[in-house]
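Subject: Structure handover

Hello,

Please find the structure below, together with its sequence. My notes on it come after.

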Amino acid sequence: MRMMCGKEEKVLGVQKAPGNCPYCGGGVAATDVEAKWLLCFLPLCTNNKRRFSCTACSRRLVSYPAIVHD
Ligand SMILES: [Zn+2]
């Protein structure tokens, strides 16, 4: 069994986000990611986050307008 230390990320799903890419005007995809910090085999904590990226130019939209709350 392999020891795993560090961070593990799992993509939960991708959906279309409202708005357009500020760089090329393409569509925006919201990727839900579950991030888990591991201390060897012991999961420390998990948190889910949402990332935005452009579906056309693949840029990470880090400063995409404060996440749409629904
Ligand atoms: Zn783009």
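The notes start with the whole chain and then move to the sheet, its turns and a few residues.

This is a predicted model, in which local features need pLDDT of at least 70 and side-chain atom pairs count only at pLDDT 80 or more, while totals for chains, interfaces and linings use all residues. Residues are numbered from 1 along each chain as its sequence is written.

**Confidence**

The term pLDDT stands for the predictor's confidence in each residue, on a scale from 0 to 100. Its mean over the protein chain is 84, and 83% of the residues reach 70 or more. Among the elements, strand 1 has the highest mean pLDDT (91) and strand 3 the lowest (86).

**Overall layout**

The protein chain has zero helices and three strands. Both kinds of element are DSSP runs numbered from the N terminus: helices are H or I with at least four residues, and strands are E with at least two. Along the sequence the pattern reads β-β-β.

Of the 70 residues, 7% count as buried. Here a residue is buried if 20 or more other C-beta atoms lie within 10 Å of its own, exposed if 12 or fewer, and partly exposed in between, with C-beta atoms placed from the backbone. Strand 1 is hardly covered, since one of its 15 residues is buried.

Two residues are in contact if their C-beta atoms, placed from the backbone, lie within 7 Å. Of the contacts in the protein chain with a separation of 6 or more, 48% are between residues 24 or more positions apart.

The three strands form an open sheet in the order 1-2-3, with antiparallel pairing. Strand 1 and strand 3 are at the edges and have a single partner strand each, so one side of each has no neighbour in the sheet. From one strand to the next, the twist averages 15°. The angles run from 0 to 180 degrees between N-to-C directions, and axes are lines fitted to C-alpha atoms, for helices over the stretch in contact.

Two strands pair if DSSP finds at least two bridges between them. Strand 1 (residues 6-20) pairs with strand 2 (residues 27-39) over 12 bridges, in the antiparallel sense.

- Lys36 is the partner of Glu8.
- Asp32 is the partner of Gly13.
- Gly27 is the partner of Asn20.

Strand 2 also pairs with strand 3 (residues 42-54), again antiparallel and over 12 bridges. In this pairing, Val28 has Cys54 in strand 3 as its bridge partner.

**The turns**

The hairpin of strand 1 and strand 2 has six residues between the strands, and Gly25 there takes a positive phi near 80°. In the hairpin of strand 2 and strand 3, two residues lie between the strands, and Cys40 in the turn has a positive phi of about 55°. For background, most residues other than glycine have a negative phi.

Another positive phi belongs to Ser58, a residue other than glycine, with a value near 60°. Ser58 is found in the segment after strand 3. Ser58 is exposed because 11 other C-beta atoms lie within 10 Å.

Glu8 is located in strand 1. Is Glu8 exposed or only partly exposed? Glu8 counts as partly exposed, because it has 13 C-beta neighbours inside 10 Å. Leaving out residues up to four places away in sequence, Glu8 touches Lys36 and Leu38. Glu8 and Glu34 are 26 residues apart in sequence, and their C-alpha atoms are 8.2 Å apart in space.

Lys16 is also in strand 1. Lys16 counts as exposed because it has 10 C-beta neighbours inside 10 Å. With residues up to four places away in sequence left out, Lys16 touches Gly27 and Ala29. The C-alpha atoms of Lys16 and Ser53 are separated by 9.9 Å, and the two residues are 37 residues apart along the chain.

Regards
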